[in-house]
Amino acid sequence: MTVTEIPTTPAPAAATGKHRADAVSTSLPPARGQSFAKLVGIELRKSVNTRSGRVLILAILAIAMAALVWELTHLSDGPARFEGFLGAASTGVLLILPVIGVMAMTSEWTQRTALTTFTLSPRRVRVQLAKFASAVVLSAVVLTATAVLALAATALGGAVGGDGATYAGMGGALAGAYLSTALNVLMGAAFGAVIAQTAAAVLVFFVAPTAWSLAGPALFKDNADWLDVFGAFGRIAGRDLQGMVPETLTAVAVWVVLPTVVGLWASSRREVK
């Protein structure tokens, strides 16, 4: 008696591939996008994990300490005023911290990491907004450390001078300092987003507003205040707009808001290499 083998018909290749694809797709968890808070945290680490970022932050604190020592060795008559110490200590913040904002926006292009960044997070505008937010957060942290140093220097100055210390207007002084510093850092980040080259962006950031503040009054007299961003920041920091609300808002719009919008647009369309 012979046994007849019945050949089995193999499944079509297309069907087998389909079943495998279905098995793989069902075994993997669904991909989830990164939260905005996580993107901000990543950008913060990028800003402080580099040697240049750490050096700039240390330089800001060193300048603050030097300014406070100068104030302590040149005390005027009367109680030591917190507002005066804060103004002296925040000089380095206003001068150097915007450079960190510039570097946060230009590092992807100058260090050629844009391809990796935008492959992991393809929504460019969202990434750029996270960079802006991280620059503001970092400025608030550094300014807080500076304010703590100013508080300690005020107390020490009151003890050394013998007339005590006064903290009158501390809340307003801090509010003005935080707001003006955030706007200054946003301005630096906006220039970085537009130009995308660190050296050129830093140069334009410092030269263009300074050139206007010097040449504007000679050319346009009092009308130059409409584009004097440093004057606007000074009025905001001093909590006294001096009846120049339209001029202040216009200067902030032209030097901060407009470059931010243009920078976001340019970054979303810039070629990634």
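How many helices and strands does the protein chain have? The protein chain has 11 helices and two strands, where helices (H or I, at least four residues) and strands (E, at least two) are DSSP runs numbered from the N terminus. This is a predicted model, in which local features need pLDDT of at least 70 and side-chain atom pairs count only at pLDDT 80 or more, while totals for chains, interfaces and linings use all residues. Residues are numbered from 1 along each chain as its sequence is written, and side-chain values use heavy atoms, with hydrogens and water left out.

**The chain as a whole**

Read from the N terminus on, the elements run α-α-α-β-α-α-α-α-β-α-α-α-α. Of the 273 residues in the protein chain, 37% are buried, a word that stands for under 20% relative accessible area, with exposed meaning over 50% and partly exposed in between (1.4 Å probe, protein chains only). Among the contacts (heavy atoms within 4.5 Å) with a separation of 6 or more, 75% are accounted for by residues 24 or more positions apart.

In H11, the buried residues include Glu-247, Trp-255, Pro-259 and Leu-264, and what covers the buried residues of H11 includes H5, H7, helix H8 (170-195), helix H9 (198-220) and helix H10 (229-237).

**Helix H3 against helix H4**

The axes, which are lines fitted to C-alpha atoms over the stretch in contact, with angles from 0 to 180 degrees between N-to-C directions, come within 8 Å for helix H3 (residues 51-73) and helix H4 (residues 82-89) and cross at roughly 140°. That makes H3 oblique to H4, since angles under 35 degrees count as roughly parallel, over 145 as roughly antiparallel, 65 to 115 as roughly perpendicular and the rest as oblique. Ala-64, Ala-67, Leu-68, Glu-71 and Leu-72 in H3 meet Phe-85, Ala-88 and Ala-89 in H4.

One of these residues, Leu-68, counts as buried because its relative accessibility is 4%. Leu-68 and Ala-89 are 21 residues apart in sequence, yet their C-alpha atoms are 6.1 Å apart in space. If its neighbours within four places in sequence are left aside, Leu-68 is in contact with Phe-85, Ala-89, Leu-149, Ala-150 and Ala-153.

**Helix H2 against helix H7**

The axes of H2 and helix H7 (residues 124-161) also come within 8 Å, and they cross at roughly 60°, which makes H2 oblique to H7. Residues that make the contact include Phe-36, Leu-39 and Ser-47 of H2 and Arg-126, Val-137 and Leu-138 of H7.

Is Ser-47 buried or exposed? Ser-47, which has its place in helix H2 (residues 36-48), is buried, with a relative accessible area of 10%.
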